[in-house]
Amino acid sequence: MAEMLFRELVKDRTDYTVGSAGVGALPGQVASKHTVDILRDAGIDASDFRSRPLTRELMKAATHVFAMSEQHLRVMDYDFEDLMDKAYLVTEFAADDAIRGEDVVDPIGMGRRAYEETRDMLLASLPSVLAYIDQTTAPKADADSAS
């Protein structure tokens, strides 16, 4: 969901390449039904989404990496300690004090309302993520910023 919402946020920008990967993801899984439905309601097509595990190559290629939870950051630190200078919690820069620094709850196995709460938390956090990336990434002619 975070990938698709961020893609929508930067859809008119040619200086962004957006991807996602999970610290415990199995390759090739489709987005959950609730995720697909919620995104479709927002005009976003997630039918082609497929999951992939986070790898060293993906971490190295990214300019910024945003985790959904502190636990994800801990796993990343264990696996990619030398690359953690580009890793952040997705809510780390949120303008809303109530969610800044909080984990985004994984709604897997819960009802639609849990997915809506996850969407709302991401929608409140992603504009600040974009602003942070823009502030910390030097523009290039063929920029390739990842999140």
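Among contacts in the chain between residues at least 6 apart in sequence, 62% join residues at least 24 apart. Keep that in mind on this tour of a predicted model.

**Stop 1: the whole chain**

Show everything as a cartoon. You will find five helices and four strands. Trace them along the sequence and the pattern reads α-β-α-α-β-α-β-α-β. The C-alpha atoms fill a box of roughly 40 × 35 × 35 Å along the principal axes. How does the radius of gyration compare with that of a compact globule? For 147 residues, such a globule would have a radius near 15 Å; the chain has 15 Å, so the two agree. Now colour by burial: 40% of the 147 residues count as buried.

**Stop 2: helix 1 against helix 5**

Select residues 2-9, which form helix 1, and residues 112-136, which form helix 5. Their axes lie 10 Å apart, and the helices pack at an angle of about 50°. An angle between 35 and 65 degrees counts as oblique, so helix 1 is oblique to helix 5. The crossing of helix 1 past helix 5 is right-handed.

Next, show side chains. From helix 1, pick Ala-2, Leu-5, Phe-6 and Leu-9. From helix 5, pick Arg-119, Leu-122, Leu-123, Leu-126, Pro-127, Val-129, Leu-130 and Ile-133. These residues make the contact. By class, 11 are nonpolar, none is polar and one is charged.

Look at the spacing of the picks as you turn the view. An α-helix has 3.6 residues a turn, so residues three or four places apart point the same way.

**Stop 3: helix 2**

Select residues 33-41, which make up helix 2. Which residues here are buried? They are Thr-35, Val-36, Asp-37, Ile-38 and Leu-39. Their cover includes helix 1 and helix 5. Step just past the end of helix 2 to Gly-43, which takes a positive phi of about 80°.

**Stop 4: helix 2 against helix 5**

Keep helix 2 and bring back helix 5. The two pack at an angle of about 55°, with their axes 10 Å apart. That makes helix 2 oblique to helix 5. Helix 2, too, passes helix 5 in a right-handed crossing.

Show the side chains again. His-34, Thr-35, Asp-37, Ile-38 and Asp-41 of helix 2 meet Arg-112, Tyr-115, Glu-116 and Arg-119 of helix 5. What classes of residue make up this contact? Two are nonpolar, two are polar and five are charged.

**Last look**

Technical notes: Residues are numbered from 1 along each chain as its sequence is written. This is a predicted model: local features need pLDDT of at least 70, side-chain atom pairs count only at pLDDT 80 or more; totals for chains, interfaces and linings use all residues. Side-chain values use heavy atoms; hydrogens and water are left out. Axes are lines fitted to C-alpha atoms, for helices over the stretch in contact, and angles run from 0 to 180 degrees between N-to-C directions. Angles under 35 degrees count as roughly parallel, over 145 as roughly antiparallel, 65 to 115 as roughly perpendicular and the rest as oblique. A crossing is left-handed if the near helix is turned anticlockwise from the far one by less than a right angle, and right-handed if clockwise. Contact means heavy atoms within 4.5 Å. Ala, Val, Leu, Ile, Met, Phe, Trp, Tyr, Cys and Pro count as nonpolar, Asp, Glu, Lys and Arg as charged, and the others, Gly among them, as polar. The radius of gyration is taken over C-alpha atoms; the globule rule is 2.2 Å times the number of residues to the power 0.38. Buried means under 20% relative accessible area, exposed over 50%, partly exposed in between (1.4 Å probe, protein chains only).
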